[in-house]
Amino acid sequence: QVQLVESGGGLVQVGGSLRVSCAASGSFFSIVDMGWFRQAPGKQREFVARMSVDGATAYADSVKDRFTISRDNVKHTMYLQMNNLKPDDTAVYYCYATTSRQFWGRGTQVTVSS
């Protein structure tokens, strides 16, 4: 079992930066893949970024070169650094972790105001 809690969301102006965190507890070292999805009002949940246990990363085209995913194995925490934020980045951001099954956090709201 893995429990995930997101934090760090908030209100930011266009062009600003924000870092969201995902704290994991439970079977942290069973995790083979972690990442972020987001869901804007009226839209489907969409992939944002992921990091596998070997450190390989992948990003959605819409956030590439603006967002950076990282992981602190000592703190059992994953981060998503978001720079040059745009109104289209407004969404609830969810982290997930995959072991033999997938676990999800409850999300953190990110609002980018113009």
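**View 1. The largest nonpolar core has 30 residues.** A nonpolar core here is a set of buried Ala, Val, Leu, Ile, Met, Phe, Trp, Tyr and Cys residues joined through side-chain atoms within 4.5 Å. "Buried" means under 20% relative accessible area, "exposed" means over 50%, and "partly exposed" is in between (1.4 Å probe, protein chains only). Look for Leu4, Trp36, Leu80, Met82 and Tyr93, the residues with the most contacts inside this core. At least two core residues come from each of these strands: strand 1 (2-7), strand 3 (18-26), strand 4, strand 5 (46-52), strand 7, strand 8, strand 9 and strand 11 (108-113). Strands (E, at least two residues) are DSSP runs, as are helices (H or I, at least four), and they are numbered from the N terminus.

This is a predicted model, where local features need pLDDT of at least 70 and side-chain atom pairs count only at pLDDT 80 or more, while totals for chains, interfaces and linings use all residues. Residues are numbered from 1 along each chain as its sequence is written, and side-chain values use heavy atoms, leaving out hydrogens and water.

**View 2. Zooming in on Met82 and its contacts.** Contact means heavy atoms within 4.5 Å. If you skip the neighbours within four places in sequence, Met82 touches Gly16, Ser17, Leu18, Val20, Arg66, Phe67, Tyr93 and Val110.

**View 3. Cys22 and Cys95 form a disulfide.** That is a pair of cysteine sulfur atoms within 2.5 Å, and in this pair the sulfurs sit 2.0 Å apart. Cys22 belongs to strand 3 and Cys95 to strand 9, so the bond ties together parts that are 73 residues apart in sequence. The link is right-handed, with 55° about the S-S bond. Both cysteines are buried, and a search of the whole structure turns up 1 disulfide.

**View 4. Salt bridges link Arg38, Glu46, Arg66 and Asp89 in a network.** A salt bridge is a side-chain nitrogen of Lys or Arg within 4 Å of a carboxyl oxygen of Asp or Glu, and the structure holds 5 of them. Arg38 pairs with Glu46 at 2.6 Å, N to O. Arg38 counts as buried because its relative accessibility is 4%, whereas Glu46, at 36%, counts as partly exposed.

**View 5. Asp89 meets two arginines, Arg38 and Arg66.** The closest N and O atoms of Asp89 and Arg38 are 2.9 Å apart. That pair links distant parts of the chain, 51 residues apart: Asp89 is in the loop between strand 8 (77-82) and strand 9 (91-98), and Arg38 is in strand 4 (residues 33-39). Arg66 bridges to Asp89 at 2.8 Å, N to O. Arg66 lies in the loop between strand 6 (57-59) and strand 7 (67-72), 23 residues from Asp89. Both Arg66 and Asp89 are buried.
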